Amino acid sequence: GARTANLGITQFQVRRSLVDPLGYEILAEVTNAADQPVECRLEVELNDEPIDVVPLKLDAGGKWSQVFEKTSAVGGHLFARLKHEDTLAADNTASAVLPKREVQPVLLVTSGNLFLQKVFEVNPLVKLTVVAEAPATIPAGTLVVYHRVTPTTLPPGVAFVIDPANATDLFGVGEAIANPIVTKQDKESPLMSHVRLDNVLMPEARQLTPTFPDQTQVLAEAVTKEPLFFAVNRHEGRVLV
């Protein structure tokens, strides 16, 4: 029933970065509920490996908080520990779970496009393979990107078709559209989050006609109603065009 001093971790959270594929942020807060100043240190570990040590000096009744910016593709358990002896030991430790970043295999089928290739190479979570012709079998879990030349029958699996030059079983290819202007885009699709195409200037696009309108989700549409970006939600694997 007596008054006693205590120092504790009052916030400890982690989240993946929205801009850095390998980055993550830690929010930590320590509160001194004592009537006298306290000096101690806060140690942060990921999977039992130290990633930061912070010396602290808190006034009586004071708080300290900081956001740590770190990078790691590996997920696991984060632990924060206060190196300070007090009456309540339970709030001298805190834990959080950091999600693992998975590496995505990408197979780029193209006759050559340096700019498109660099888009994938700049992402550290992409394992890119570039080929001139699609192989007979696609490894499981691989995203296939077809640039220009596309199989007339798209094989099962997830695929991304860019600037198709020929028709396939999922869409027909018509005449070229000069200077298409995007006037409508699907704001509800997660693929269009934080994307604005209304001020993008395109010199040319191809007129595409989806084969299965009931399975097609138009993500961006030209002023003349032609789809410029759409998804085909087929059972064998989603296809973006």
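Biologist: Where does proline 203 lie?

Modeller: Proline 203 lies in the loop between β13 and β14 (204-210), where strands (E, at least two residues) and helices (H or I, at least four residues) are DSSP runs, numbered from the N terminus. Before we go on, this is a predicted model, in which local features need pLDDT of at least 70 and side-chain atom pairs count only at pLDDT 80 or more, while totals for chains, interfaces and linings use all residues. Residues are numbered from 1 along each chain as its sequence is written, and side-chain values use heavy atoms, with hydrogens and water left out.

Biologist: Okay, and is proline 203 buried or exposed?

Modeller: Proline 203 is exposed, with a relative accessible area of 67%; buried means under 20%, exposed means over 50%, and partly exposed is in between, using a 1.4 Å probe and protein chains only.

Biologist: What is proline 203 in contact with, leaving aside its neighbours within four places in sequence?

Modeller: With those neighbours left aside, proline 203 is in contact with Ile177, Ala178, Asn179 and Pro180, contact meaning heavy atoms within 4.5 Å. Phenylalanine 68, by comparison, is 135 residues from proline 203 in sequence and 44 Å from it in space, C-alpha to C-alpha.

Biologist: Now valine 173: how far is it from glutamine 207?

Modeller: Valine 173 and glutamine 207 are 34 residues apart in sequence, and in space they are 5.8 Å apart, C-alpha to C-alpha. Valine 173 has its place in strand β12 (residues 171-178), and at 27% relative accessibility it counts as partly exposed. Not counting residues up to four places away in sequence, valine 173 touches Pro164, Asn166, Ala167, Arg206, Gln207 and Leu208.

Biologist: Changing topic, how many salt bridges does a search of the whole structure find?

Modeller: The search finds eight salt bridges, each being a side-chain nitrogen of Lys or Arg within 4 Å of a carboxyl oxygen of Asp or Glu. Side chains of opposite charge can pair when their charged atoms come close.

Biologist: What does arginine 15 pair with, and which parts does that pair tie together?

Modeller: Arginine 15 forms a salt bridge with glutamate 25, and their closest N and O atoms are 3.0 Å apart. Arginine 15 lies in strand β1 (residues 7-16) and glutamate 25 in strand β2 (residues 23-32), so the pair ties together parts that are 10 residues apart in sequence. Arginine 15 itself counts as exposed, at 53% relative accessibility.

Biologist: And which residue does glutamate 45 meet in a salt bridge?

Modeller: Glutamate 45 meets arginine 81, with 2.8 Å from N to O. This pair links distant parts of the chain, with glutamate 45 in strand β3 (residues 38-46) and arginine 81 in strand β6 (residues 76-82), 36 residues apart. Glutamate 45 is buried, with a relative accessible area of 16%, whereas arginine 81 is partly exposed, at 28%.

Biologist: What about lysine 118, where is it and what's its partner?

Modeller: Lysine 118 forms a salt bridge with glutamate 121, with the closest N and O atoms 3.0 Å apart. Both residues lie in helix α1 (residues 114-121), three residues apart, which is about one turn of the helix. Elsewhere, salt bridges that share partners join Arg148, Asp163 and Arg206 into one network.

Biologist: Which strands make up the open sheet, and in what order?

Modeller: Eight strands form the open sheet, in the order β9-β8-β10-β11-β17-β16-β15-β13, and the pairing is mixed; two strands pair if DSSP finds at least two bridges between them. At the edges stand β9 (126-131) and β13 (182-185), each with a single partner strand, so one side of each is left without a neighbour in the sheet. Further in, strand β8 (residues 104-109) is joined to strand β10 (residues 143-147) by four bridges, and these two run parallel.

Biologist: Last one: which residues have the most contacts inside the largest nonpolar core?

Modeller: Those are Phe12, Val30, Leu42, Leu56 and Trp64, in a core of 23 residues; a nonpolar core is a set of buried Ala, Val, Leu, Ile, Met, Phe, Trp, Tyr and Cys residues joined through side-chain atoms within 4.5 Å. Strand β3 gives the most to this core, with five residues. A second, separate core of 14 residues includes Val109, Leu170, Val232 and Val241.
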